[in-house]
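Thanks, everyone. Please bring up the model on your screens.

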Amino acid sequence: MTITPKPTQTIPDTGIYERRESIVRSYARSMPRQFHRAENVWMHDNQGGRYLDFLSGCSTLNYGHNHPILKQALLDYIMADGITHGLDLHTDAKAAFLESFEEVILQPRKLNYRAMFTGPTGTNAVEAAIKLARKITGREMVIAFTNGFHGMTLGALACTGNAAKRGGAGVPLSHVSHEPYDGYHGPDVDTADLLEQRLSDPSSGLDAPAAILVETVQGEGGLNAASPAWLRKIAAIAKRHGALLIVDDIQAGCGRTGGFFSFEDMGFTPDIVTLAKSLSGMGLPFALTLFRAELDQWSPGEHNGTFRGNNHAFVTATAALRHFWSNDSFAADVRRRGALLESRLDKMAREHGLTTRGRGMMRGIDVGSGEIASVITAACFARGLIIETSGPRDEIVKVLAPLIIDDAVLSAGLDILETSVRETLAASFGVAAE
Ligand SMILES: *Cc1c(COP(=O)(O)O)cnc(C)c1O
């Protein structure tokens with residue numbers, strides 16, 4: 001079995017991108033190679049280089065690249081001239097997806113959600129969620145949290161904390177209040193209590209919210225994991241103040257934290273849940289907004305989109321649900337591997353006096369500054385490890401390995417990270433690397 005990467009050291013000609021692709025591109029800058037093939041946890045460039053993927057399309061490839069069972073299901077469907085595009089018409093692929101989702105995900109968890117197929121991006125699922133909450137409550141204001149990330153279209157962007165992203169809007173982003181997330185004021189301040197105080201005080205200036213929108217682990221915002229107790233308080237606050245609780249599970253869901261939903265077994269049930277990223281299982285665009293049946297108060301076509309429900313994604317998502325989620329063995333394996341990841345990152349952090357963040361297979365190490373983090377990720381890439389940063393100043397090096405990764409390969413990748421962290425920190429403190 002291959003366990004070590006074999007990176008290409010020369011940078012290929014990037015002229016066509018510089019000439020013709022907008023400079024808005026981002027990930028391609030820190031990984032200047034041309035990729036042409038990928039399988040399992042490996043990406044291959046067109047010069048024979050092999051890279052271990054610890055980014056997984058920001059948690060879009062939880063089952064790895066081109067999983068053979070998902071790929072075969074899609075090939076069979078295409079070869080049989082299955083419907084590729086059907087607006088929101090009933091199709092065999094859609095029925096199979098809904099039936100699998102009901103049987104494998106909803107019923108075992110006693111969840112009575114309806115599924116709304118939005119446009120295929122995560123931000124679209126968030127737009128639908130906040131639209132629905134505003135429509136149902138008749139209120140305008142949404143509570144989101146510091147360091148939250150919810151997407152790049154105006155409604156979702158208004159709920160996003162990051163100033164650089166917000167700046168791109170070009171118009172005022174309004175009707176959202178960004179309240180402190182769990183731990184924002186340090187371990188001694190319970191920010192759920194602060195929110196309760198503000199909402200109960202008729203003179204706090206905070207309007208009654210339509211929704212409280214929260215990630216249980218903040219993916220782009222720095223892998224901050226909220227405690228179950230804090231989340232339960234937030235759920236109770238939403239209920240008490242007539243707001244709908246929306247859990248944005250676009251990055252933390254689909255197994256990343258060890259359950260299909262990131263809020264499982266925490267003792268509360270969100271009113272609305274958004275899913276995207278790994279939902280199709282194969283990296284095909286596919287997003288879903290789930291809500292309690294009583295909240296299904298849309299009029300037909302009120303939220304619309306040409307690409308609602310991507311039939312190819314229905315096929316691969318169905319195969320992923322059947323293969324990975326029919327019993328608990330995959331989830332148990334993710335939890336076990338998440339504990340391995342945690343102990344390795346904790347060891348690195350202890351060595352350098354740093355801290356770690358996250359939950360399950362969604363974890364990072366805070367290296368103090370975005371500058372240091374980018375040197376570390378570049379050193380990793382030079383060794384064939386694809387890894388990225390997150391957090392308000394990009395200071396968190398985040399590990400988002402595919403969930404199907406073999407333990408030995410995970411360990412080999414973490415060895416590269418460990419070496420790169422040690423080398424970078426030694427250099428940045430002017431001490432010779434060992
Ligand atoms: C990625 C992400 C989104 C946006 O999804 P897109 O497909 O990029 O529009 C929204 N919320 C969270 C938590 C995300 O991680």
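Keep in mind that this is a predicted model.

Start with helix α6. Its buried residues are G122, T123, A125, V126, E127, A128, A129, I130, L132 and A133. Note that E127, a charged residue, is on that buried list. The helix covers residues 122-137, so 16 residues in the DSSP run. From first C-alpha to last, α6 reaches 23 Å. That is close to the 22 Å expected at 1.5 Å a residue. What comes just after α6? G138, with a positive phi of about 70 degrees.

Next, the sheet. It is open, with 4 strands in the order β1-β2-β3-β15. The pairing is mixed. Which strands sit at the edges? They are β1, residues 35-39, and β15, residues 385-386. Each of these pairs on one side only. Now look at β3, residues 50-53. β3 and β15 run parallel, joined by 2 bridges. Within that region, D53 stands opposite I386 of β15.

Last stop: the second largest pocket. It holds about 330 Å³ of space. How many residues line it? The count is 15. Nearest the centre are D88, A115, M116, F117 and R308. Strand β4, residues 113-117, gives the most to the lining, with 4 residues.

Over to you for discussion.

Note on methods
Residues are numbered from 1 along each chain as its sequence is written. This is a predicted model: local features need pLDDT of at least 70, side-chain atom pairs count only at pLDDT 80 or more; totals for chains, interfaces and linings use all residues. Side-chain values use heavy atoms; hydrogens and water are left out. On a 1 Å grid over the protein atoms alone, a cavity is a set of points where a 1.4 Å probe fits but cannot get out, and a pocket is an open set with protein on both sides within 12 Å along at least five of seven lines; lining residues have an atom within 4 Å of a point. Grid points are joined across faces, edges and corners, and a volume is the space filled by probe spheres set on the points. The expected span of a helix is 1.5 Å times one less than its number of residues. Buried means under 20% relative accessible area, exposed over 50%, partly exposed in between (1.4 Å probe, protein chains only). Two strands pair if DSSP finds at least two bridges between them.
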